[in-house]
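Please consult the sequence and the structure while reading.

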2 protein chains.
Amino acid sequence: MRIGIVGYGNLGKSVEKLIDDQPDMEVGAIFSRRATLDTTSRVLPVADFAQYKDEIDVAILCLGSATDIPEQAPEFAKYTPTVDTYDNHRDVPRHREAMDKVARENNTVAVVSTGWDPGMFSINRTMAEALLPGAKQNTFWGPGLSQGHSDAVRRIEGVKAGVQYTIPAEDALDRARKGETEGLDGKSAHKRVCYIVADEADQEQIEQEIRTMPDYFVGYQVEVNFIDEVTFEKEHTGMPHGGHVITTGDTGGFHHMIEYTLELDRNPDFTGAVAIAYARAAVRLQEQAAHGAYTVLEVPPYLISPTPLDELIARDV
Amino acid sequence: MRIGIVGYGNLGKSVEKLIDDQPDMEVGAIFSRRATLDTTSRVLPVADFAQYKDEIDVAILCLGSATDIPEQAPEFAKYTPTVDTYDNHRDVPRHREAMDKVARENNTVAVVSTGWDPGMFSINRTMAEALLPGAKQNTFWGPGLSQGHSDAVRRIEGVKAGVQYTIPAEDALDRARKGETEGLDGKSAHKRVCYIVADEADQEQIEQEIRTMPDYFVGYQVEVNFIDEVTFEKEHTGMPHGGHVITTGDTGGFHHMIEYTLELDRNPDFTGAVAIAYARAAVRLQEQAAHGAYTVLEVPPYLISPTPLDELIARDV
């Protein structure tokens, strides 16, 4: 399978790197607005995507969810199967519908909102809730770097460098596992831990601004740590993330729990790995002429594996 | 959906109980060899299954894997969609093929080998392995009651009552999570813990026989506890089980881990809950005229949920 990578930010670079490990894939081309990229892969102008459509089997749209995906994704879906990682949860139904319309009109396949949340977590939420009677379900994010909160912290005057990690509160995890979820919400379930580089004179004011920032920090357990630049560079420039989907249910007095955990040293790598796996599914759905848009909930699990179905059944079932 | 329950052992009873919690299902009939059962559901002779086929939409085959499923399952699949929990891993390919043939010839759907292992664990093995480059994967069972090992223990002379729990070794779980799986096998990864009721005079001999029982105990960390009958009745008559599928991979120096955990207070209840969810999928596949046999790897996740797809996409994705 020849993969087209559309966009060359963190996600696009991860996808490019990870395709090397796939037994059945190669990079067909990277489509970018920039004329030259620091890569040995073939680079083509994204404006000429239509012209090169027969040279790739599927396009992984490594574009931002804020505006790029909603505005541009349907255009790509006219020409080839696509996979995206669109992560604006509330807008997924609209996005799926827009992609479905284009894909059906043009006999292509569009797999939307892959990645881990949405993505793997979505599958686990749906399946665990379907299995356990009277299901109570909580999603926890972290320990992990929150890009939006880190940006917010860095905008504060005096902050030279800063990151924010979202960390599930241990007692909240315990309660979720026991099914004691009443009153448990996103705020009580997560801690927000900041590591900041700043002059000592500014630290009190910075901490105050963080703690009183509405939406981002107010109402959360907040921890603010000031560290030196060397420590920051050494320990806080990675992009770890992960989380848990915890579901409990009761079968007439018997407690049951399903927990799905991700621990990811590099968030865009895992998101890219999921997109690659669903690119494989998209190519296969295209071969079956099963045109239209799909969320991960609609894709049979075996379609994401490079291993033939017979072998999977003999090995994994 | 009207569910036919074939067989009325632990699993059949769990399925009957759990159908009450389903918004879209009712018990159509229980098919049994026995003329009377202790139930308020309709009971029909299993020999007359064909005659009543139009009164149910799907049959959940709550039969033993040792001989009943291989011998009898294809016969039921002639008349209605079926779901089974056939758990002889090595024989699943043959069973799927046998069911596929009958289902295609008779325009039915057969979902085979549901439950948790095979079943939910199979899905997680396949998906996690497909996602993580250079995947290392281990399945751990327990803490949980092992039926086969408990039977073996109870056959020893002098044992008045006995159970055996399989428990994952903590250090093995840690190693699996770190990806340090070299040399890790089923034996080094699990402890076998027995609780036995026996006269004091027999205890030394019993412990000796347990520890030297080939296949079942030799090579494992074994713990033998002698307890009194009251404690046994109070604490060791449940059927808890569960386990973990742990998969790690590396994306160019970055470690990633996926862990799927089940903690089940009552094994047949959870197995039944999974079979019920896949019965829903079987009815829907039948409505789509998608005849043939399916493992859980081949069923799109949303088909097991009572919630409509649009709602799932808006809520879970």
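Q: How many residues of chain B are in contact with chain A?
A: This is a predicted model, in which local features need pLDDT of at least 70, side-chain atom pairs count only at pLDDT 80 or more, and totals for chains, interfaces and linings use all residues. Residues are numbered from 1 along each chain as its sequence is written, chains are lettered from A and ligands numbered from 1 in the order in which they are written, and side-chain values use heavy atoms, with hydrogens and water left out. With contact meaning heavy atoms within 4.5 Å, chain A contributes 60 residues and chain B contributes 60.

Q: Which three residues of chain B supply more of its buried area than any other three?
A: Buried area is the accessible area (1.4 Å probe) that two parts lose on being put together, summed over both. Between chain B and chain A it is about 5,200 Å², with 68% from carbon and sulfur atoms. Of the area that chain B buries against chain A, 14% comes from B:Leu131, B:Pro301 and B:Val317.

Q: Which side chain meets that of B:Glu129 in a salt bridge?
A: A salt bridge requires a side-chain nitrogen of Lys or Arg within 4 Å of a carboxyl oxygen of Asp or Glu. The count between the two chains is two salt bridges. In one of them, at 3.5 Å from N to O, the partner of B:Glu129 is A:Arg315.

Q: Which residue stands opposite A:His256?
A: Strands (E, at least two residues) are DSSP runs numbered from the N terminus, and two strands pair if DSSP finds at least two bridges between them. Strand E13 (residues 255–264) of chain A runs antiparallel to E13(B), joined by nine bridges. In E13(B), the residue opposite A:His256 is B:Leu264.

How values were computed:
Helices (H or I, at least four residues) and strands (E, at least two) are DSSP runs, numbered from the N terminus.
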